[in-house]
Amino acid sequence: MAEIKSIIGTQNKKGQTYTDTWKMMNEAPRTPSFFTGSEVIKEALRRASCDVMIAYPITPQSEAAALIGELFAEGYIGDYFRGESEFAVMSQCAGSAFGGARVFTTTAGPGTMRAMENFPMWAGARLPIQMIVTCRGINSPLSIQPDTLEIAYLLNTGMLVWHAETAQDFFDWILKGYMVSEEPDVHLPLALCCDGFFVTHTKDVVNLTPADMCLPPYDPYRSPVPCMDMECPPVRMMRDPFVMKSNYISYATHASWQQEIWAAVERSRKHSIHWLNGLIDTENTDADIVIVASGTAVSQGREAIRLLEDEGVRCGLVKVKTLRPWPEEEIREATKNAKHIFVPEFNVTGWLAKEIRATVPNHQRVHAGPHVCGGMTMPPEIIVSEIKTALGMKTFSLAGRGS
Amino acid sequence: MSKERIQISEALYDIMPSDYQDLVKSATYGKEDRGWKDIGTSKELIEQHSLCAGCPESMAFRYILASLPNPEDTVMVGSTGCTSLVFPMVAVHNIHSLFGNQNAIASGLKRALSVRFPGRVKDVVVLAGDGATVDIGLDMTLQAWFRQEKFTTICFDNELYANTGGQESGLMQKGFVAKMAPVGKLFDKVRLPEIARESGCHYVVNCTVSKPSLVEKVIRNAVHIAREIGPTYLQLYTPCILEIGKNSMEGLQEMRDSEKPTERFAYKEYVSEPAKQLLAELAAKDKERKAAAKQLAAQAQAN
């Protein structure tokens, strides 16, 4: 810690000042800028004191990954290269993190799936890598359109999983994310997800922190496991490798380590609450009807609420920011008055609705929908329609429904 | 890391494991001319192993760890397989993450160490079996070479999947009957040393581990060339005596039989032009150093 404190106020080779992250994020002046989500990722990385970024082209994250290459060329990133596949890239990220670097990467859809074997390994090895997931379809036939199904696969890897709604979330959470995942009692990778295209390819006003301020560098010696750099004694880790042993000690070791990973996910809760100002945001949760959503479904839910208000139907909103750690208590509390809970989602299976059903009492209150998938947009009108139908109110017919 | 880093607090000395005490007392970290001859007179960087009795891989491990020119600043990367049974007992930082991704891990690792320790030598050495190197991980093996990543790749070639019980691998000989090759392997042994040369490796050797002095030489060359110039590749025959029906005592003979001039592990070497130049420079420096030492010894005697 002493080392980190002493570096605050000094400058890096680009002339940026290492700044206390809380001050940088909460007190420093912000400049409104009109950027695409991809450009916002670049701007966050400019301020992230990132050692290694590894890139691979896949829509819709290619632009962000290439823009970070420009940052490398300008000298803001320690090293940068294009890997050969997402599986390889995520292993290269692991290698860099094992070597004590602050690591960043981006992926999407089929790339997330191809790399999947790496994610429980990252968590198990306590590597605080940050991975942006710009969600897109993973079905066959091939689709490049927005669809959040891949998030469901990330939920049980032991990674922290956050779901950004807007480019502003993205900017803030990339920087804050490192603060949470690098805490010694957490030290886990973070999958920072957003809905591809809707966030990456649209322009929005984003308030940026000053470009001459950056995060304090990562200190690998605060890690709960040794950094693989031969700067500390290379003691034997165990007498026999546990992989081959079919005995109780081996099982107990693996079991307790898995429990420790999930305990670390839980311990991230207090840090996430601190940095994100709570794991959820709520509006009017005293209403009979509450929409619970994550990602851009929150924005569409907000619009639907406005439309319903015009018709005299009052509706509350819960924006779920972190999926891991899962805001169980918060969601239960925010939905305690709700007679109906609607969960609009951009995927076919409704994974968020399933999580919520498993969380709240009287789960028949949870309406899993509306769902859109395969790249469809979610007009607020279909959320309105879903709600009115459930309430027995007359609703307009939607094209293609044949009613 | 210097040897001072592994010193034990006096107050804790007696409760430390004896192999750690031995490492502090008589390991060869930092010894400039360390090599296989230190085995028996110093603490080896490998403590026990759980391989089969007489496994040539265990000999290879000992020779390699004795020969690394810079173990105090070397990080090794392994993969799934018999080698992963040994790495937990090795007194050099090492990483095992998944099966086949060793050259990807090493690429990221080497770059991170270069960013974090500019101007300092940090060697990275990959050591994995033939399944990891040539089958499941071939993509990442080759791509690391294409990118000219500066680390050494060592393949322990036992010509099959040993740890899972003797299944066919890409480096298995054609016609060999094994699990998953019930009528004999139908295609030739993959010619990875030639592929390595064409893929940009600056130093490629194909040999057995029957002679420790030879292993020492190729390891030192491979690590030095990788450090200064670019990727290097060693394919070392470490027969799985269990799966080819040999006894514990027969591993050495198997290697000697397989390295005869007409056999598949006859010594083969490729050295790129820049690597040749580097080796010549290193040899000249070595000669100079030895001459200086000799002179110093002569002076001391004269005094």
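What distance separates the centres of domain 1 of chain A and domain 2 of chain A, taken over C-alpha atoms?

Mentor: The model is a predicted one, and in it the centres of domain 1 and domain 2 of chain A, taken over C-alpha atoms, are 28 Å apart. Domain 1 of chain A covers residues 2-222, and domain 2 of chain A covers 282-390. To the contact between them, domain 1 of chain A supplies 21 residues and domain 2 of chain A supplies 20.

On the domain 1 side of that contact, the elements of chain A that give two or more residues are α8 (149-154), β7 (160-163) and β8 (190-195). Of these, β7(A) gives the most, with four residues. Sorted by class, the domain 1 side has 12 nonpolar, six polar and three charged residues.

β8(A) deserves a longer look. Six of its six residues are buried, so β8(A) is largely enclosed by the rest of the structure. In a regular strand, side chains alternate between the two faces of the sheet. Both faces of β8(A) are covered: one side carries Leu190(A), Leu192(A) and Cys194(A), the other Ala191(A), Cys193(A) and Asp195(A), and all are buried.

β8(A) has parallel pairings with two strands that can be described in turn. Strand β6 (residues 130-135) of chain A runs parallel to β8(A) and is joined to it by six bridges; here Cys135(A) has Asp195(A) as its bridge partner. β7(A) also runs parallel to β8(A), through four bridges, and Leu160(A) stands opposite Leu190(A).

A contrast in burial comes from strand β2 (residues 31-36) of chain A, which is hardly covered: among its six residues, the count of buried ones is zero. β2(A) pairs with strand β9 (residues 203-208) of chain A in the antiparallel sense, over six bridges. Within that pairing, Pro32(A) has Asn207(A) of β9(A) as its bridge partner.

Five strands make up an open sheet with mixed pairing, in the order β11-β13-β12-β15-β16. β11 (280-283) and β16 (366-367) of chain A stand at the edges with a single partner strand each, so one side of each has no neighbour in the sheet. Further in, strand β12 (residues 289-293) and strand β13 (residues 315-320) of chain A pair in the parallel sense over five bridges. Ala293(A) has Lys319(A) in β13(A) as its bridge partner.

Met228(A) sits in the loop between β10 (213-214) and α10 (248-276) of chain A. With 27 other C-beta atoms within 10 Å, Met228(A) is buried, because 20 or more are enough for that class. Leaving out residues up to four places away in sequence, Met228(A) touches Phe98(A) and Gly99(A) in its own chain, and Val75(B), His93(B), Ile95(B) and Leu109(B) in the other. Ala263(A), by comparison, is 35 residues from Met228(A) in sequence and 24 Å from it in space, C-alpha to C-alpha.

Seen as a whole, the contact between the chains involves 36 residues of chain B and 37 residues of chain A. On the chain B side, the elements giving two or more residues are α1 (18-26), β1 (74-77), α3 (102-116) and α5 (138-146). α3(B) provides the largest share, 11 residues. By class, the chain B side divides into 19 nonpolar, nine polar and eight charged residues.

Chain B itself contains nine helices and seven strands. A compact globule of 303 residues would have a radius of gyration near 19 Å, and the 20 Å of chain B agrees with this. Along the principal axes, its C-alpha atoms fill a box of roughly 70 × 50 × 40 Å. Of the 303 residues of chain B, 51% count as buried. Among contacts in chain B with a separation of 6 or more, 66% are between residues 24 or more positions apart.

One helix of chain B is largely outside that buried part. Of the 30 residues of α9(B), two are buried, so α9(B) lies largely in the open. At 1.5 Å a residue, helix α9 (residues 273-302) of chain B should span 44 Å, and the 43 Å between its end C-alpha atoms agrees.

Terms used: Residues are numbered from 1 along each chain as its sequence is written. Chains are lettered from A and ligands numbered from 1 in the order in which they are written. This is a predicted model: local features need pLDDT of at least 70, side-chain atom pairs count only at pLDDT 80 or more; totals for chains, interfaces and linings use all residues. Two residues are in contact if their C-beta atoms, placed from the backbone, lie within 7 Å. Ala, Val, Leu, Ile, Met, Phe, Trp, Tyr, Cys and Pro count as nonpolar, Asp, Glu, Lys and Arg as charged, and the others, Gly among them, as polar. The expected span of a helix is 1.5 Å times one less than its number of residues. A residue is buried if 20 or more other C-beta atoms lie within 10 Å of its own, exposed if 12 or fewer, and partly exposed in between; C-beta atoms are placed from the backbone. Domain bounds come from an automatic or database domain assignment. The radius of gyration is taken over C-alpha atoms; the globule rule is 2.2 Å times the number of residues to the power 0.38. Two strands pair if DSSP finds at least two bridges between them.
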